[in-house]
Amino acid sequence: GEISNLESLETVIDGELANVDKIKEKQSAQRNNKFDMVSDRINRSMEQIHRRHEDIENQISCMETKHNQELCLHNERIYKIALVHEQNLDELERAAFEKVYEVDKKLAKVKNMLGEKESYLIEVGNLLSKYKKKNK
């Protein structure tokens, strides 16, 4: 009877040990599950951070492109304004030159007229002096 008691005790102990092993496996699996979950969450967070980083870089790139386009437009506008300004200056210069030329022609005409008047006066003076001599 005692051997069968020992055997049944051994069976009970074996069963308990098997239970302990099962509990250990279950706990280990739970630990692994928790670790996997945390690891997954960390990986997802990292991916989100990476995506956000790429979004920000794209936005910066777009802003730089837009800024460069605006700068080009601005420079084009300045160039056009400068061109028009230069054309206006050229026209003013041409107009001023024409005016100077006209004034020069008028001055030449006036000098000519003055010269004619002087020679006319000299002629009149000569005639007068001849007339006076005749009538003396």
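Me: In this predicted model, where a disulfide is a pair of cysteine sulfur atoms within 2.5 Å, how many disulfides does the structure hold?

Reply: The two cysteines to consider here are Cys62 and Cys72, and the nearest cysteine sulfur to that of Cys62 belongs to Cys72, 16 Å away. The number of disulfides in the structure is accordingly 0.

Me: Is Cys62 buried or exposed?

Reply: Cys62 takes part in no disulfide, and its surroundings can be judged from its accessible area, for which the exposed class begins over 50%. With a relative accessibility of 53%, Cys62 counts as exposed.

Me: What is the relative accessible area of Cys72, and which class does that give?

Reply: The classes that matter are buried, under 20%, and exposed, over 50%, with partly exposed in between. Cys72 has a relative accessible area of 47%, and therefore falls in the class called partly exposed.

Me: Which residues form the negative surface patch, and how is Asp90 classed by accessibility?

Reply: The negative surface patch brings together Glu86, Asp90, Glu91 and Glu93. Of these residues, Asp90 is found in helix α1, which spans residues 2-134. Because its relative accessibility is 37%, Asp90 counts as partly exposed.

Me: Which residues form the positive surface patch, and what is the relative accessible area of Lys109?

Reply: The positive surface patch consists of Lys99, Lys105, Lys106 and Lys109. Lys109 is located in helix α1. Lys109 is classed as exposed, and the relative accessible area behind that class is 57%.

Me: What distance separates the C-alpha atoms of Ser119 and Leu83?

Reply: Ser119 is found in helix α1, where its relative accessible area of 40% makes it partly exposed. Along the chain, Ser119 and Leu83 are 36 residues apart, and their C-alpha atoms are separated by 54 Å.

Me: What distance separates the C-alpha atoms of Glu25 and Tyr120?

Reply: Glu25 lies in helix α1 and, at 58% relative accessibility, counts as exposed. Glu25 and Tyr120 are 95 residues apart along the chain, and the separation computed between their C-alpha atoms is 140 Å.

Conventions: Residues numbered from 1 in each chain as written. Predicted model: local features only at pLDDT ≥ 70, side-chain atom pairs only at ≥ 80, totals over all residues. Heavy atoms only, no water. Patch = residues over 30% accessible without salt bridge, like charges linked within 9 Å, V, L, I, M, F, W, Y side chains within 5 Å. Areas by Shrake-Rupley, 256 points an atom, 1.4 Å probe, with all protein chains shown as cover. Salt bridge = Lys/Arg side-chain N within 4 Å of Asp/Glu carboxyl O. Lys, Arg positive; Asp, Glu negative; His and termini not counted. Charge placed at Lys NZ, Arg CZ, Asp CG, Glu CD. Helix = DSSP H or I, 4+ residues; strand = E, 2+ residues; numbered from the N terminus. Buried < 20%, exposed > 50% of the residue type's maximum accessible area, 1.4 Å probe, protein only. Disulfide = S-S within 2.5 Å.
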